[in-house]
Amino acid sequence: MNPFAASPARAPGAGARCLVVDDHEAMRRITVNQLRQLGVEQVQTAKNGAEALRLMKSHRFDVVLSDWNMPVMSG
């Protein structure tokens, strides 16, 4: 192994931990797919603000992408 060889390029957000919060399953899926295409590998989802809050109490996230208007608890 050559210590001077260039390391493989990583996407800027590849190591980021992201939480996607939306009450519409299709939007969660679309957003997760877009993030993965951008190189973000660690993505979790929640279907409302209450579920997101529970996840945030037990996990650390670098980015939270949240819908604003949701049932149970808004974003």
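**Reading the labels**

Mentor: Gladly! This is a predicted model. Let's start with Gly75, which is found in the segment after β3.

Trainee: Why is Gly75 called partly exposed?

Mentor: Its relative accessibility is 47%. Buried means under 20% and exposed means over 50%, with partly exposed in between, so Gly75 at 47% counts as partly exposed.

Trainee: Which residues is Gly75 in contact with, leaving aside its neighbours within four places in sequence?

Mentor: Those are Ser66, Asp67, Trp68 and Met70. Contact means heavy atoms within 4.5 Å. As for Ala52, it lies 23 residues from Gly75 in sequence, and the two are 8.7 Å apart, C-alpha to C-alpha.

Trainee: What makes β1 and β2 a pair?

Mentor: Two strands pair if there are at least two bridges between them. Strand β1, residues 17-21, has five bridges with β2 in the parallel sense, so the two strands pair. In one of them, Val20 has Thr45 of β2 as its bridge partner.

Trainee: Which strands are the edge strands of the sheet?

Mentor: The sheet is open, with three strands in the order β2-β1-β3 and parallel pairing. β2 (42-46) and β3 (63-66) each pair on one side only, and they are the edge strands. On average, neighbouring strands are turned by 20° against each other, direction ignored.

Trainee: Where do the helices lie?

Mentor: Helix α1, residues 25-37, lies across β1, β2 and β3, at about 170° to β2. Helix α2, residues 49-58, packs on the sheet and touches β1, β2 and β3, its direction making about 140° with that of β2.

Definitions and conventions:
Residues numbered from 1 in each chain as written. Predicted model: local features only at pLDDT ≥ 70, side-chain atom pairs only at ≥ 80, totals over all residues. Heavy atoms only, no water. Helix = DSSP H or I, 4+ residues; strand = E, 2+ residues; numbered from the N terminus. Axes fitted to C-alpha atoms, helices over the stretch in contact; angles between N-to-C directions. Buried < 20%, exposed > 50% of the residue type's maximum accessible area, 1.4 Å probe, protein only.
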